[in-house]
Amino acid sequence: MIPSRRMEQGGAIDRAQRLRFTFDGEAYEGHAGDTVASALLANGVRIVGRSFKYHRPRGIYTAGPEEPSAILDLRLGNRHDPNARATLEPLADGMELRSIHANGTAENDRLGFLDRIARFIPAAFYYKTFMWPNWMAYEHRIRALAGLGRVDLSSRATSAAHRHVQADVCVVGAGPAGLAAALAASTRGKRVMLVEAQGELGGTVLYREAMIDGMPGADWARQAERVLRDRGVEILRRSTALALYDHNVLSIVQKDVAASANDERLWLVRAGRMVVATGAIERPLLFANNDRPGIMLADAALLYTRRYAVKVGNACVVATGNDSAYEVALALRQAGSDVHLIDSRPERDIDPSLAGSMRAAGIKLVPATLVEGAGGHRSVEAVALSNGQRIVSDVVVHSGGWTPSLHLYCHAKGKPSWDAVTGSYRPGSAVAGVDVVGAAAGLWDLDAMLRNATEIGGGKAGEAPSSGTGVRQWTAPTPLPAGKSGKRIWVDLQNDVTIADIKLAVRENFSAVEHLKRYTTIGMGTDQGKTSNVNALAVLAASSGREVAGLGTTTFRPPFVPVSMATIAGSERGELQVPIRRLPAENIHRQEGACFREYGGALRPAWYGADADAIARECIAARGNAVVFDASSLGKIEVIGPQAAALLDFVYYTPMASLAVGRARYGLTLGEAGIVADDGVVLRLAPNHFVVSCSSSHVAWMAAQHEAWRQDRFDLAQVFIHDATAHWATIAISGPASKRIVGELGLGVDLDDARFPHMSVATGRFAGRPARIARVSFTGERGYEIAVPATLGAPLWQKARAAGATPLGIEALGVLRAEKGYIYVGQDTDGETLPHDLGMGGPRAKRQDAYVGDRSLFTPAASKPNRKRLVGILVEGKAPIPVGAHGIELKDGRRRSLGYVTSSYWSAALGHPIALGLIEGGLERASAAIELEHLGQRFTGRLVPPCFLDPKGERLNG
Amino acid sequence: MADRGLFWSPAPDWQRADIRCRDLTVTTRSAAAAWLVSGALARFLEDREEMRCHGPLDVCDPDAYALRLAPDRLLLVALGGGTANLPAFGWSDDGVAVTDVSDAFVLFDVAGRGALDLMRLGADYQFDAAPVGSAESAMMVFAGVKAIVARMPQGWRLHVERPYAPALWRWLQHAASAWDKPPAA
């Protein structure tokens, strides 16, 4: 039984609420208000994971997002997080936690032996060793040894929709500076937003001694929150700013958006001004074995002691070179620990009052001394000092100084500048719309912070909260270890990078900061070097005889903390990922037993019924009786105005201005390169009123094309484009019996062939509303397309069915149109097909006026005789040839592609397979016989005209 | 071949589709009549004093309103029936083009204390900003689909083209799942 390290009093936890959880299979208890890290520490758990490369035991090192080691696999109900940071995760009842790097448990890792062969696998070992035959041959095994948590695909991930907010001022960080800035900004009628990563506002004043405006810092923070809420400031807790993009767009990940689940939500904030109050991150000291469990950063130890009532150790060594750790030493002493305070500064450089207060509290202050190394196998047991002294200790807390957290400032292209006095980077160049305040700006005196933040928030210095805290040497350059201890000194705990690794990189001339990062992996990983980067620069500078200021930094890239892909996706998954168009009568098709597929961005019936012969049955019905087809997704783009005819003449390859009122015409549209872009039917309703019925998948593009050309070369007051596709349901009825069936619909239109011939359009009525009837054919049979307002689509369909029409799906329609040689643009054409390749060279030969794509039809390439042209292909045997099969010719013993099959079906009407294809030279080839090949299988075929059925078109009036 | 109708949920019955939460309601409506009007709008509106063209921030009369879609285009919507004094469909000598789009849209009324929060989930737009005049287009991408947004006295009205209405409806259901359900009667 591990003795509890929870102190009997103190902390901000709710001792009345006990929370049960497990770690690596062992049961523990914590309290509401604990983080996972504080609960593990309170239970005396020292080893929480194994290191990435060498599988060394590691403990909790920090208390924030910079944590490099305490990353756990977390399960809670349906939630699974394979890489949860113990320092950020609030403890919840029933949590199941596991260490992620260990093979076994964190305590007993079967791969722990790797640390004993560490000398043989230094930095860049992989790059030099795994070169033959290639890296991929080894990658999967190495990743199995390393890597972070494993995603459980069966777990329920967050799917909260992104939230968008606009604000005049967005303050990131609710420490004293952030609160002061928000208070000042919100008094001036601005919309202010405040973002805080922790569950409570206040930052360091929640656990460090501070008096602001005459009250303890925590009380002041709570009062500030009340004021801000009263002023309508939007406050996001447990929300971490991930990235700052152009135009001050800030992305934020918010935890716990729903009370019922530990969900995450992505916020996107667009702010006029961004105030970065993200504080600073403590830098570690560098000494041998400084990664042993039981060694942690000083500020983290203070937080665990005061906020979570955890006694972090019995015999504590506090190592530092600045004043900030003195309060930590005092707190540890007050918690009942035996404390040695080891300061690298000589006594004369230490504030006498500080030194006096330490000694008065019973703390053994050892000035002018460095910690040289930690001893202990599985966790720290003693430390060796530079004065030769050895201190038995179960905890070492250390502070090498502080580094302003400038990530957001750097995302916004701010250039930090090196401050040799504090040994850290501070904001350098100004960034428009972005202000940095508080410790992030390199201010360490609380009064100075509050004044500066108030002014940045728009207030006057006199309005600033007052602290009265004196200036101390809060931070100083991290002292580097002297000499060679022969033991490893860790710079980057997450990537297992030591000082020796950095020196090796320098020896091998990877001494530029970006090269160093890639050679050693320092600063990579999920912590992005938050605790290691500045120390790495100091070591690099010392190793290469340069100054830190001249080294530069690596690029600060979003996100600041890891965020799951599920959170980035938000609600865009499943049905919500790519919205698809739906037919107005879809539910009727479902009742009819339709099997659906997505065609051109619309969900449409592929066929009806579950039997294998459904498609053939529908084809036979179309040729023998009548079928009804839902064509509602076809475009209905209205072109209206005195210049409508001229616009259509320009946009269409096929002339449209000559179309008579009440008539319809099939036509092609081309892109500017002359490539066939769409085909469809244009109806002329009135002299100045046309309807473009284009392909379902091209509606948006066709509407945009018409609008673009309208704005490019027509009088904007004389022609207008209205996409009315969504208003209409279009039901097509086709087949020898179609005239009778349409007659029974009672549309009020004279269907006599003389007055209503093929390619005519008329207006009737259905259910008391206008109906547009066009006599056109997709199938080669007599056909009628009836467009009614969308809500009448289902009744019209049902009436046609009642009159005897068989439902027709898209797959059967594909067969019927191929029997006639009717193309699908995009299937029977490709990115090179010109209209004359399809046998539609008439307008190219005759038109003298300008139209889209005209000049491209007369280039030498467009006039080559051996262009791929549309042909019909008849193959021997009963099986259709695969689509994509190539026509081939053998030349000098080698195969050459002549083109390929674009459509291929079994034709129930003809009793043999048919195919369409694009073949060089088309029907003008010297021989109609052709060899085809698909995936090694050979076929023999014959080129024929693309129309297999009724070449004279007599069935259109059948 | 897989039946993709199993992946895509059936479209709801628009007559009965609504969402009721403690602080949020979404109700479905159909326009009795809607028209796209393009062209000489200044003269068109001058001749029809009862019509005022609205941007997405102007509060509309829920029963009849005009929304700006483009500098030369507006959408007229009437929930209670036809609007008098409207030119015939097609080209008018007044210099306007008129198209019937009465069945083109499904309308979703978003209301309640949570309405603004729900709108914020759909688009990067400050829905509660002060009106800036009718020059602004009411058309935007909302929850990944093209929608026309009108501000109403009780919240907002989303106009979505009928083919995309099931997609927006599923999104509204998903987004509203974060709101508490009302207590059982």
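The model is a predicted one. Chain A and chain B bury about 4,400 Å² between them. The largest nonpolar core has 60 residues. Over all chains, the count of salt bridges comes to 71.

**Where chain A meets chain B**

- On chain A, 55 residues are in contact with 47 residues of chain B.
- Of the area buried between the two chains, 56% is on carbon and sulfur atoms.
- The rule finds 26 residue pairs in polar contact across this interface, both residues at pLDDT 80 or more.
- Strand S32 of chain A (residues 594–599) gives the most to the side that touches chain B, with five residues.
- That side of chain A divides into 25 nonpolar, 13 polar and 17 charged residues.

**Salt bridges between the chains**

- Seven salt bridges are found across the interface of chain A and chain B.
- One of them pairs Asp117(B) with Arg163(A), and their closest N and O atoms are 3.9 Å apart.
- Another links the side chains of Glu598(A) and Arg4(B), at 2.7 Å from N to O.
- Glu598(A) lies in strand S32 of chain A and Arg4(B) in the segment before strand S1 (18–20) of chain B, so this pair joins two chains.
- Glu598(A) counts as partly exposed, because its relative accessibility is 29%.
- Arg4(B) is partly exposed too, with a relative accessible area of 28%.

**The nonpolar cores**

- Within the largest core, the residues with the most contacts are Phe23(A), Leu40(A), Met95(A), Tyr304(A) and Val397(A).
- Helix H6 of chain A (residues 298–308) supplies the largest share of this core, seven residues.
- Another core of 50 residues lies apart from the largest one; among its members are Val172(A), Leu406(A), Val491(A) and Leu537(A).

**Helix H6 of chain A**

- H6(A) is mostly covered, with 10 of its 11 residues buried.
- Among the buried ones are Ala298(A), Leu302(A), Tyr304(A) and Arg307(A).
- The buried residues of H6(A) pack against several elements of chain A, including helix H1 (36–42), helix H7 (326–334) and strand S24 (395–399).
- Ala309(A) follows H6(A), and its phi is positive, near 55°.

**Salt bridges within chain A**

- Arg79(A) and Glu89(A) meet through their side chains in a salt bridge, 3.2 Å from N to O.
- Arg79(A) lies in strand S6 (79–85) and Glu89(A) in the loop between S6 and strand S7 (95–99), so the pair ties together parts that are 10 residues apart in sequence.
- Both Arg79(A) and Glu89(A) are buried.
- Glu347(A) and Arg359(A) form a salt bridge as well, at 2.9 Å from N to O.
- Here Glu347(A) sits in the loop between strand S19 (338–343) and helix H8 (352–360), while Arg359(A) is in helix H8, 12 residues apart.
- Glu347(A) counts as partly exposed, at 35% relative accessibility.
- Arg359(A) also counts as partly exposed, at 40%.
- Salt bridges that share partners join Arg56(A), Arg58(A), Asp115(A), Asp291(A), Arg488(A) and Asp496(A) into one network.

How values were computed
Residues are numbered from 1 along each chain as its sequence is written. Chains are lettered from A and ligands numbered from 1 in the order in which they are written. This is a predicted model: local features need pLDDT of at least 70, side-chain atom pairs count only at pLDDT 80 or more; totals for chains, interfaces and linings use all residues. Side-chain values use heavy atoms; hydrogens and water are left out. Contact means heavy atoms within 4.5 Å. Buried area is the accessible area (1.4 Å probe) that two parts lose on being put together, summed over both. A salt bridge is a side-chain nitrogen of Lys or Arg within 4 Å of a carboxyl oxygen of Asp or Glu. A polar contact is a pair of N or O atoms within 3.5 Å; within protein, one must be able to donate a hydrogen and the other to accept it, and residues adjacent in sequence count only if both atoms are side-chain atoms. Helices (H or I, at least four residues) and strands (E, at least two) are DSSP runs, numbered from the N terminus. Ala, Val, Leu, Ile, Met, Phe, Trp, Tyr, Cys and Pro count as nonpolar, Asp, Glu, Lys and Arg as charged, and the others, Gly among them, as polar. A nonpolar core is a set of buried Ala, Val, Leu, Ile, Met, Phe, Trp, Tyr and Cys residues joined through side-chain atoms within 4.5 Å. Buried means under 20% relative accessible area, exposed over 50%, partly exposed in between (1.4 Å probe, protein chains only).
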